[in-house]
Amino acid sequence: MKKNKTNFMIATIMLFLLFLFSIFKFDVIEKLLIFAIKPKDFFVARESLFELARQHIFIVAVSSSLSVLIAVCIAILTRFPIMNELEEFILGIAIFGQTIPTVAILALLVPFLGYGFKPALVALFIYGILPVLRNTIEGLNTISEDVRESARAMGMSPFQVMSKVELPLAFPAILAGVRVSLILNISVATIGATVGLKGFGILIVNGIRSDDIILILKGAIPVSLLALTVESLFMHLEKKFRLP
Amino acid sequence: MIKLVNVSKRYQDTVALKNFNLEIPEGMLLVLLGPSGCGKSTVIRLINRLIQPTSGEIYVNNKDIRHMEFSKLRRGIGYAIQNTGLFPHYNVYENIAVVPRLLKWKKYDIDQRVDTLLDLVGLNRNYKDKLPSELSGGEGQRVGVARALAADPAILLMDEPFGSLDPLNRERLQKEFYRIQKQLKKTVLFVTHDVEEAIRLADKIAVMRPGEIVSIGRPSDFIAEDKEGYIKEFLGSEYALKLLSRFMVQDVIDQRPVAVKNNVTVRHYFRINKESTVSNALSMMISKGARSLEVIDEKKRIGLIHFEDILMNVFGGEKNEKE
């Protein structure tokens, strides 16, 4: 158990260092790649890799924070007796939202929100909700009825039962939901490039257009490393907060 | 004091309780004894308002609970249940401190109280940092009892608190709870389906059949139950034997001065501790083939217990004499 904890911690740090290396020193990787892949004429991005990384991380952070906030609130609301019946219905809507292809959502949003940051933000927000919502509801459902009843029987108000008992107990499950949501959004954000979102996606989309594998990799490698870093960081956190 | 007057509880098409009346005076431990599904737990959950009665009135300390705030009512009632209901994310200290914290006690007072309670329920003080998952069943249940007693409530509601323990631990906890209750004199409603547990702990036993109380009395009252019927069937034909575990050897031994006996007895006796139960004594008599045992108190001999003592003193000698 303890050993696993440190493993994830070390993995997180190493992946993060690799990620930093890939955005600051991509020329080194490029030189290695040239041995295997015939280079094309270089597409020169207006923004540096660091700038693209910053914007990519920014939109994922903003959209995921919003989805987590909303999803946890909705999950809490379903605990109330009146809303109980709606649990399935709300999950249904969230799952439905998930099944619409990303590109379709983006295309649908452009007429209303224009190009660039805004439609991408809304799309990521919608995609981010489901994992957190589902995990929070699951987490709250697995709390034993004895524990819930004890909390009430000791004179806790419904708010105290939620804040002191239910949410802390569901926290590891919520974290797992946040992890899935973040990973999902890191990848979906690359597709945002099709509506002009600045991020690693620009390199990938341009790479595909110009059939330039190195350019694709220039976007794909940092994005993958970013996703792996986040995955490993959250695995570490989940281990830390999971009860023995 | 707990009082239920004409309380009924109906779920859609089933009746859990009908015109239920019960009064538990200050300081009494009443055991509600009955088979599973007879509505025992319903009674408990009605008293702390986890559920609402369909009709009838419930009083706690002479106050109608409908006119009390939920939180105030519940913080004044200790509650212990079968699966402990301990909070898995709180350690032992925090679990015990829940109600005192809700009542906004000072940290120093809570520290003191937790130490006192751990001593009382027989747990080492260095258990404070352990999580419930690190405790054995018996230890967890001790913490459950300590938590119920935390804010020193006048009333305890206990819903089969020792039901999930192995027989050895169950008996140990029953003994300790009996000792604690003798010391604290709480008003206790204790629910169980275990006849022996009821005998060991109860001041009074209320025998239940689905939805209602059939009979109520002291444990030894039920021995006179001669009629064939529900009570006899439920209490079992070995009720008299089980009743023996309620009494300690020191309660029934011959009260004549020991000195006289010392002169009379020269032969060798098997020994039994004065705090053993009478059922232990009887068991020993049977296994050793002896009619009398020597009662000792820390290796010092204090008297003899005879088979006749058990016959006469436990089951009300006067009744036998009349016949």
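Reply: Happy to. Please keep in mind that this is a predicted model. Let's start in chain A, where helix α6 (residues 117-141) packs with helix α8 (residues 158-191) at an angle of about 150 degrees, and their axes are 7 Å apart. Angles over 145 degrees count as roughly antiparallel, so α6(A) and α8(A) are roughly antiparallel to each other. Their crossing is right-handed. Sorted by class, the residues in the contact of α6(A) with α8(A) are 16 nonpolar, seven polar and one charged.

Now over to chain B for the sheet. Strands of a sheet pair through backbone hydrogen bonds, either parallel or antiparallel. In chain B, three strands in the order β11-β12-β13 make up an open sheet with mixed pairing. The edges are taken by β11 (271-273) and β13 (300-306) of chain B; each has a single partner strand, so one side of each has no neighbour in the sheet. From one strand to the next, the twist averages 40 degrees.

Look next at strand β12 (residues 292-297) of chain B, which pairs with β13(B) in the antiparallel sense over six bridges. To find your place along the strands, go to B:Glu294: opposite this residue, in β13(B), stands B:Leu304.

Finally, helix α13 (residues 278-288) of chain B packs on this sheet and touches β11, β12 and β13 of chain B. The direction of α13(B) makes about 165 degrees with that of β11(B).

How values were computed: Residues are numbered from 1 along each chain as its sequence is written. Chains are lettered from A and ligands numbered from 1 in the order in which they are written. This is a predicted model: local features need pLDDT of at least 70, side-chain atom pairs count only at pLDDT 80 or more; totals for chains, interfaces and linings use all residues. Side-chain values use heavy atoms; hydrogens and water are left out. Axes are lines fitted to C-alpha atoms, for helices over the stretch in contact, and angles run from 0 to 180 degrees between N-to-C directions. Helices (H or I, at least four residues) and strands (E, at least two) are DSSP runs, numbered from the N terminus. Angles under 35 degrees count as roughly parallel, over 145 as roughly antiparallel, 65 to 115 as roughly perpendicular and the rest as oblique. A crossing is left-handed if the near helix is turned anticlockwise from the far one by less than a right angle, and right-handed if clockwise. Ala, Val, Leu, Ile, Met, Phe, Trp, Tyr, Cys and Pro count as nonpolar, Asp, Glu, Lys and Arg as charged, and the others, Gly among them, as polar. Two strands pair if DSSP finds at least two bridges between them. Contact means heavy atoms within 4.5 Å.
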